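Morning, everyone. Please bring up the model on your screens, and I'll walk through it.

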Amino acid sequence: MNDRTTVGVIGLGLGQAHLAGYLKNDRVEVVGLADLDTELVERTASEHDVPHAFTDYRDLFALEPDLVSVCLPNFLHAPVTIDVLDAGAHVLCEKPMALNAAQARDMVAAARRSGRYLMIALNNRFRTEAQILKKLVEQDVLGEIYYAKTGWLRRSGVPGTGTWFTRKSQAGGGPLIDLGVHMIDLTRWLMGNPRPASVVGAAYTRLSGVVEGVFDVEDLAAAFIRFEGDATLVAETSWASHVRAEGSYVKLMGTRGGAEITGNDLTVYTDLHGEQVDITPAYTPREWSDCIAAEIAHFVDCIRAGRTPMSTGEQGVEIMQILDGIYESAAGNRMVRIG
């Protein structure tokens with residue numbers, strides 16, 4: 001590897017945030033960008049002194065980058081990631097990992113075949129409050145976490161109505177695979193990544209069913225997830241629902257204490273000297289863009305040190321199994337076993 005890790009970015013929607021994160025990292029050199037929009041990719045490359053701009057992502061491979069971010073619509077994650085891995089680069093793939101667990105397994109197989117790292121971009125793990133809570137969990141402050149709740153509910157926030165976002169064939173689903181993937185992954189990671197055993201799910205399209213263009217995904221989903229052992233997680237997510245305001249949360253309940261993240265606020269509930277106490281750590285929350293920059297810095301460190309990243313493809317497969325199970329349960333009105 002050269003003194004600096006060479007990087008390419010495919011897709012300049014969310015890829016703009018990845019590009020900004022790479023440009024903040026002095027151990028990285030961005031060598032090429034790819035996007036179907038000729039004007040966008042050429043302008044972006046020029047503005048940031050990136051030497052190469054392509055409309056066909058495969059042309060990027062000639063530069064032999066060490067690392068590539070895949071920031072495309074969901075249905076392109078698997079095929080493009082596999083192409084990049086087979087070309088010999090490590091991959092940071094945006095969430096959701098794929099449309100389903102079968103595609104996710106193919107991505108993991110490609111990473112193993114190529115001997116390259118595959119990290120899934122789940123930037124909520126890099127929020128300051130999440131990092132603090134993870135350390136407290138690892139220090140056994142909460143004890144055994146046996147029950148958790150999580151959610152991300154919007155009052156009105158359907159993305160790209162009539163575009164790929166609301167087409168099941170291209171997005172894989174609605175808010176569950178768009179927002180729920182973040183919160184289920186974050187909560188499961190805080191719990192120590194227990195293996196999923198079964199799910200019961202429900203999905204609704206009540207407030208967004210009559211819109212211009214195709215809308216064949218849910219606008220609200222909920223689930224009860226049971227892990228191996230007896231830990232459980234209740235999850236809910238929506239693009240449109242009659243709630244006070246948009247908000248996200250994580251609630252953990254353990255044998256020694258509990259914790260709650262609401263928005264960017266973290267509170268720990270426990271006992272001290274025989275008294276119930278609420279502990280609010282002092283910290284400055286990271287901005288969304290800084291979470292992505294921290295995620296990128298972590299992956300670059302892992303590549304340079306030969307160390308497995310914290311958000312692996314294998315973990316991503318299990319998240320996709322959970323999402324698949326929720327959709328299958330909702331469609332069939334039954335419990336679905338996983339694994």
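Which residue of β12 does V250 stand opposite? V250 stands opposite I261.

Ground rules. This is a predicted model, where local features need pLDDT of at least 70, side-chain atom pairs count only at pLDDT 80 or more, and totals for chains, interfaces and linings use all residues. Residues are numbered from 1 along each chain as its sequence is written, and side-chain values use heavy atoms, with hydrogens and water left out.

Overall picture. The protein chain has nine helices and 15 strands. Helices (H or I, at least four residues) and strands (E, at least two) are DSSP runs, numbered from the N terminus. The radius of gyration is 20 Å, close to the 20 Å from the globule rule for 339 residues, so the chain is as compact as a globular protein of that length. That radius is taken over C-alpha atoms, and the rule is 2.2 Å times the number of residues to the power 0.38. Along the principal axes, the C-alpha atoms fill a box of roughly 60 × 50 × 35 Å.

Burial next. Of the 339 residues, 53% are buried. Buried means under 20% relative accessible area, exposed over 50%, partly exposed in between, with a 1.4 Å probe and protein chains only. The accessible surface is about 15000 Å², and carbon and sulfur atoms hold 48% of it. Those areas come from the Shrake-Rupley method with a 1.4 Å probe; for residues, only the protein chains shown count as cover. Take contacts between residues at least 6 apart in sequence: 69% of them join residues at least 24 apart. Contact means heavy atoms within 4.5 Å.

Now the open sheet. Six strands line up as β3-β2-β1-β4-β5-β6, with parallel pairing. Two strands pair if DSSP finds at least two bridges between them. β3 (52-54) and β6 (118-121) are the edge strands with a single partner each, so one side of each has no neighbour in the sheet. On average, neighbouring strands are turned by 25° against each other, direction ignored. Inside the sheet, four bridges join β1 (residues 5-10) to β4 (residues 67-70). There, I10 stands opposite V70.

Helix α8 (residues 288-305) packs on it, touching β1, β2, β4, β5 and β6, at about 160° to β5. Helix α3 (residues 74-86) lies across β1, β4, β5 and β6, at about 165° to β5. Axes are lines fitted to C-alpha atoms, for helices over the stretch in contact, and angles run from 0 to 180 degrees between N-to-C directions.

Stay on α3. Its 13 residues should span 18 Å at 1.5 Å a residue, and its end C-alpha atoms are 19 Å apart, which agrees. The expected span is 1.5 Å times one less than the number of residues. Its buried residues include H77, V80, T81 and V84. An α-helix has 3.6 residues a turn, so residues three or four places apart point the same way. After α3 comes G88, with a positive phi near 105°.

Then α4 (residues 101-114). Its 14 residues reach 20 Å from first to last C-alpha, close to the 20 Å expected. Which residues of α4 are buried? They are A101, A104, M107, V108, A110 and A111. These pack against α3, β5, β6 and α9 (313-332).

On to the antiparallel pairs. Eight bridges join β8 to β9, and A203 stands opposite A221. β8 also pairs with β15 (residues 336-337) over two bridges, antiparallel again. V199 faces V336 there, in the opposite position.

Back to where we began. β11 (residues 247-254) and β12 (residues 257-262) pair over five bridges, and a hairpin joins them through two residues. β12 then pairs with β13 (residues 265-272) over six bridges. E260 has T267 as its bridge partner.

Last, two loop glycines. G213 sits between β8 (196-204) and β9 (220-227); G213 is exposed, at 52% relative accessible area. G160 sits between β7 (145-153) and α6 (168-171). Is G160 exposed or partly exposed? G160 is partly exposed, at 32%. Beyond its neighbours within four places in sequence, G160 is in contact with F165 and T166.
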